[in-house]
Amino acid sequence: MKVYNSLARSIEEFKPEDGAEARLYTCGPTVYNFAHIGNFRAYAFEDVLRRTIEFNGWKVKQVQNLTDVDDKTIRGANAAGIPLAEYTKPYKEAFFADLKTLNIEPAEVYPAATDHIPEMIALVSKLVEKGVAYKSDDGSVYFNVRAFPGYGKLAHIDFDAQRTGARCASDEYDKENIGDFALWKAWEESDGPVGWDSPWGRGRPGWHIECSAMSMKYLGETFDLHTGGIDNLFPHHENEIAQAEAATGKPFVRTWMHCAHLRVNGQKMSKSLGNFFTLRDLLEKGFAGREIRYVLIDAHYRQGLNFAFTALEDARKSLARIDTCTDALAAKAASAAPAQTPEFAVSALSDFSAAVNDDLNTPRAFAALFNLVRSANAALESLSPAECAAVLETFRRMDKVLGVVFFGKAEAREDVPPEIAALLEKRAAARAAKDWALSDSLRAEIAAAGWTVKDSKNGQTASRA
Ligand code: AMP
Ligand code: ZN
């Protein structure tokens, strides 16, 4: 598997450091509002990354944080006059519901920033002890970027040419305004009831320290992969590296990956520009989760993607072509076990595998899938039920990465375990021989094992009861 490492600025071979489990940190949502589909472009890219690692036979331990305390969440809660936790709760819930709608595999851990304040205070304390952070007059703590020689290595900053020496109190700023950044922010009037006691007085963590503290807690001081949208690269990820490496003296992350933005008329889709659609907006317009997912992952993740409704309509047509093909295969395969995979399916899967392993080249992966659709349609008449089942199995393998084909139609397509498949086969034979008593007793046996059988003119299908 090869991926583009933003730190090395080149394509590199990727495998988990321990050879078995990839440790992956994905910057999660700031829960001050509903996530928009630009955010979901990042989460969908990370899902394809995760699924590709799994496709290659490795395990994944993914941690995705919930930023539930920062400038924006505090502003929102105080404007609404409710406690911070009450303000962020519905947005957290909406985020998880939206992930399901987009068939995004859940991470192993979803740490919330407000549950990890002691870890953040400990990390800031360590940086102060090491002399790379200092307390300012107002009781905030800043990271001294000049004290960490590696500062700027991710964003490739020509530090000396740009240094302004100013401090950045806010979490987001641009490359032209590099300066010492806040690790801990002293309480101020506008924070209202939000604040925690610390060695530097009452205050709250800066955004960047949240991710360094939570990633190292769950994934160790050095881990495999860290990702986000390209806007996270500077200052957020640059600062995460500085905080972690200055504290531990070890490399923080082996591979950094960033996706390009989802844009609207050439501009980044963002809350602040007001040019955004939430997932809910699109569902209300009648689009399905799988159609939206298709559009988000169809373009290569490092290419800018301009959002357009026509793309959603095209996705609907493309998915219908896939459905027609897989439905026909399923009807013909009935309950046959996969065997004798046709050559065209073997070669499509090999093209698919090469594509996803080439820096998650999803456009080529979809091309391989549509080659399979074309070949299967052309060969359908001459394929045996076992061959049809094998071609379906090939679709299923591809869909482990793409997550669009069987998504939403899962009930007819679940992976049937071999013992159930054997019973189904017997039952198909019994029905062909019009032995209804045997057919019924097999149905009861299958039901006792937790599966429901449905009969239709295309044969029987089984789903988990
Ligand atoms: P935020 O909630 O702003 O911290 O963003 C959550 C994630 O969405 C981060 O990984 C961002 O980099 C990413 N993101 C924000 N806007 C876009 C966009 N228009 N296109 C792609 N990713 C984005
Ligand atoms: Zn982060």
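**Exercise 1.** In this predicted model, identify which residues of helix H2 (71–80) are buried, and work out where they lie around the axis of H2.

*Solution.* Begin with the buried residues of H2, which are Thr73, Ile74, Gly76 and Ala77, where buried means under 20% relative accessible area. Next, consider their directions: because these residues cover an arc of only 165 degrees around the axis, they fall on the same side of H2. Then turn to the other side of H2, where Arg75 and Ala79 are exposed. Finally, look for the packing partners of the buried residues of H2, which are helix H3 and strand E9 (203–205).

**Exercise 2.** Determine which residues coordinate the zinc ion (ligand 2), and explain what the pair Cys27 and His236 ties together.

*Solution.* The donors to the zinc ion (ligand 2) are Cys27 (SG), Cys211 (SG) and His236 (NE2), at 2.0 to 2.2 Å, and their spacing in sequence reads C-x183-C-x24-H. Cysteine 27 belongs to the loop between strand E3 (21–26) and helix H1 (37–55), whereas histidine 236 belongs to helix H7 (residues 233–248), so the pair ties together parts that are 209 residues apart in sequence.

**Exercise 3.** Describe the largest pocket and its lining.

*Solution.* Start with the volume, which is about 1000 Å³. Of the 49 lining residues, those closest to the centre of the pocket are Lys72, Glu172, Asp231, Asn232 and Lys268. By class, the lining divides into 21 nonpolar, 14 polar and 14 charged residues. By element, H1, H2, H3 (84–101), strand E10 (223–229) and H7 each supply at least two residues, and H1 gives the most, with six.

How values were computed
Residues are numbered from 1 along each chain as its sequence is written. Chains are lettered from A and ligands numbered from 1 in the order in which they are written. This is a predicted model: local features need pLDDT of at least 70, side-chain atom pairs count only at pLDDT 80 or more; totals for chains, interfaces and linings use all residues. Side-chain values use heavy atoms; hydrogens and water are left out. Donors are N, O and S atoms within 2.8 Å of the metal (3.2 Å for Na, K and Ca); water is not among the atoms, so sites may look incomplete. Helices (H or I, at least four residues) and strands (E, at least two) are DSSP runs, numbered from the N terminus. On a 1 Å grid over the protein atoms alone, a cavity is a set of points where a 1.4 Å probe fits but cannot get out, and a pocket is an open set with protein on both sides within 12 Å along at least five of seven lines; lining residues have an atom within 4 Å of a point. Grid points are joined across faces, edges and corners, and a volume is the space filled by probe spheres set on the points. Ala, Val, Leu, Ile, Met, Phe, Trp, Tyr, Cys and Pro count as nonpolar, Asp, Glu, Lys and Arg as charged, and the others, Gly among them, as polar. Buried means under 20% relative accessible area, exposed over 50%, partly exposed in between (1.4 Å probe, protein chains only). The arc is that of the directions from the helix axis to the C-beta atoms. Contact means heavy atoms within 4.5 Å.
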